[in-house]
Amino acid sequence: MRNVAALLRRELSAYFASIVGYVVVMFFLIVMGVTFAVVVGYLNRGPTQLTAMKILFSMFWLPSLVVIPMITMRLLAEEKRAGTIEMLMTAPVTEGAVVVAKWLGALVLYGLMWALTGGYVLILQHFSGGAPLDVGPILSGYLGVLLIGQFLIALGLLSSSMTKNQVAAALMSFAMIFMILIVLNWMSFLFQGGVFGQAFRTLSAFEHMEDFARGIVDTRPVILYLSGTAVALFLTIRVLESRKWR
Amino acid sequence: MQPMIKVEGLTKRYAGVTALNNLSFTVQPGEIVGFLGPNGAGKSTTMRILTGFIPATAGRVEVAGLDVFENSLEVRKHIGYMPENNPLYEDMRVVEYLRFRSRLKGVSRAQRAERVDYAMEKTGITDVRRRVIGQLSKGYRQRVGLADALLGAPALLILDEPTIGLDPVQIRQVRQLIKELGQAHTILISTHILPEVEMTCNRVLIIHHGKILASDTPDNLKRSLNTGGLVLVEVRARVTDLRNRLEELPEVANVSAEPADDGYARALVEAKGAVDLREQIYRVAVANRWELRELSRGRTTLEDIFVHITREEDEAEEDRRERRRGAR
């Protein structure tokens with residue numbers, strides 16, 4: 001655990017030692033800021049069933065597709081390219097500690113970015129004319145964003161472990177995230193009804209996010225994403241160890 | 001005494017290629033051992049196995065009495081390793097990097113500042129402690145790598161080509177540093193530069209095609225090569241006289257003489273066996289009343305030994321192949 005803490009510190013400082021961390025955060029804030037402005041403009045036109053945060057949460061896929069490949073592509077690919085993986089793996093640390101620390105580091109950055117959107121909640125509060133905000137759905141919405149995000153980050157880390165090339169790692173994780181977010185959702189439209197339709201809807205991250213944003217915390221998606229992360233991190237560790245049995 | 005490194009029957013095969021072939025050697029505590037071999041001989045592979053970065057195909061490897069495969073994490077605590085090309089996190093500052101590494105190596109919080117300061121002072125990088133590693137010169141980066149190796153106060157330092165890519169002044173500094181470190185650590189250092197081994201190490205392991213061909217002190221290796229009898233002499237005499245007089249000596253095998261400037265003649269004299277001819281040649285010069293301005297022994301360098309041993313091995317290999325072809 002002490003090792004994970006040391007590695008995590010290094011990971012977090014690495015994001016902000018280079019320009020990458022700032023660029024990613026800036027990109028995220030621009031996308032979310034524009035989305036928020038559009039949402040508020042839309043809600044001003046008349047009464048509706050939707051809340052501003054609900055619409056904002058339903059846009060979670062847009063930054064995920066770009067931001068997660070960007071923050072994970074470097075993690076292991078760069079260590080392999082620069083050879084620093086040899087320094088790392090000849091220090092008294094396990095592959096597991098390295099992988100968990102890198103995953104946590106990306107997750108913390110991702111969480112920080114979303115935490116910044118908490119500002120929107122304060123803005124809404126200020127202009128809501130004294131009406132109390134419904135805090136429950138907002139919190140469960142953030143929970144959904146984190147839950148899906150941590151799984152996609154684990155996939156990004158897995159991509160990064162498989163190549164020395166950061167661009168290849170980014171493309172690979174983009175493809176995986178695209179499949180899971182977008183293609184699964186299309187499929188659930190294609191197969192309306194029937195077993196397949198049901199299956200795809202059960203797996204669709206959009207459906208899950210809608211539930212979370214409504215304040216419903218279903219344990220099925222929670223278990224799905226956590227076990228998905230466990231599998232992805234396990235595979236990443238195996239890939240890192242593969243130098244030992246090749 | 002328990003050996004610091006004990007390697008027995010170490011073999012490493014990559015897909016079809018045998019990188020190490022039944023390698024065995026030991027290193028005693030306190031030794032500075034030079035691991036010498038041409039590029040691709042298996043030096044880095046051996047070091048990577050010792051540090052637990054990759055496993056062996058067969059054989060036993062122990063460091064400080066611990067099996068490298070079974071107690072990998074424990075073994076790593078005893079080793080300060082500087083890989084080939086010295087990879088570092090270029091985006092970090094020197095002192096940040098060393099603090100991070102000392103945390104990884106399990107240096108206790110109480111000792112951390114002291115160890116980092118010690119390593120920086122020892123390697124002479126205290127004045128660049130706040131600089132970003134990516135902006136340092138190659139010489140300084142090399143020292144950051146060495147400082148990192150020292151952090152955990154390891155009993156064993158494994159340095160893979162520590163002077164590669166440095167300029168002559170830096171090479172000298174790093175060599176001096178390694179010598180100093182040898183007082184407190186056992187050191188295994190790999191190189192393909194011979195003077196380096198000659199100056200810093202008290203034992204040489206020559207490795208070629210994944211096999212150990214020789215293991216001895218640099219001096220013993222030189223002696224065993226039996227080339228003590230090469231002498232260079234310069235006297236004021238005619239070339240033919242010089243050649244004739246020297247060839248009269250019973251223990252001389254061969255003389256090659258040539259004119260030098262200012263009426264001097266120069267001769268390279270080869271003895272039969274490992275005899276030192278200098279006294280006899282001096283007496284010849286005195287007897288003939290030649291003025292003598294140079295009389296020196298041709299030095300055998302490790303370079304000669306290295307070429308000699310590796311060529312012998314290559315020829316033996318060639319022979320075996322010939323015979324196999326003949327048998328078929």
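Predicted model: local features only at pLDDT ≥ 70, side-chain atom pairs only at ≥ 80, totals over all residues.
What share of the 246 residues in chain A is buried? Buried residues make up 39% of them, where a residue counts as buried if 20 or more other C-beta atoms, placed from the backbone, lie within 10 Å of its own.

Residues are numbered from 1 along each chain as its sequence is written, and chains are lettered from A and ligands numbered from 1 in the order in which they are written.

Chain A has 13 helices and zero strands, these being DSSP runs numbered from the N terminus, with at least four residues of H or I for a helix and at least two of E for a strand. Its C-alpha trace spans about 60 × 45 × 30 Å along the principal axes.

A:Thr117 is 89 residues from A:Phe28 in sequence, yet their C-alpha atoms are 9.8 Å apart in space.

Turning to the two chains together, the contact, which requires C-beta atoms placed from the backbone to lie within 7 Å, takes 18 residues from chain A and 21 residues from chain B. On the side of chain B that touches chain A, helix 2 (72-77) and helix 3 (94-104) of chain B each supply at least two residues.

Notes:
Buried ≥ 20, exposed ≤ 12 C-beta atoms within 10 Å, placed from the backbone.
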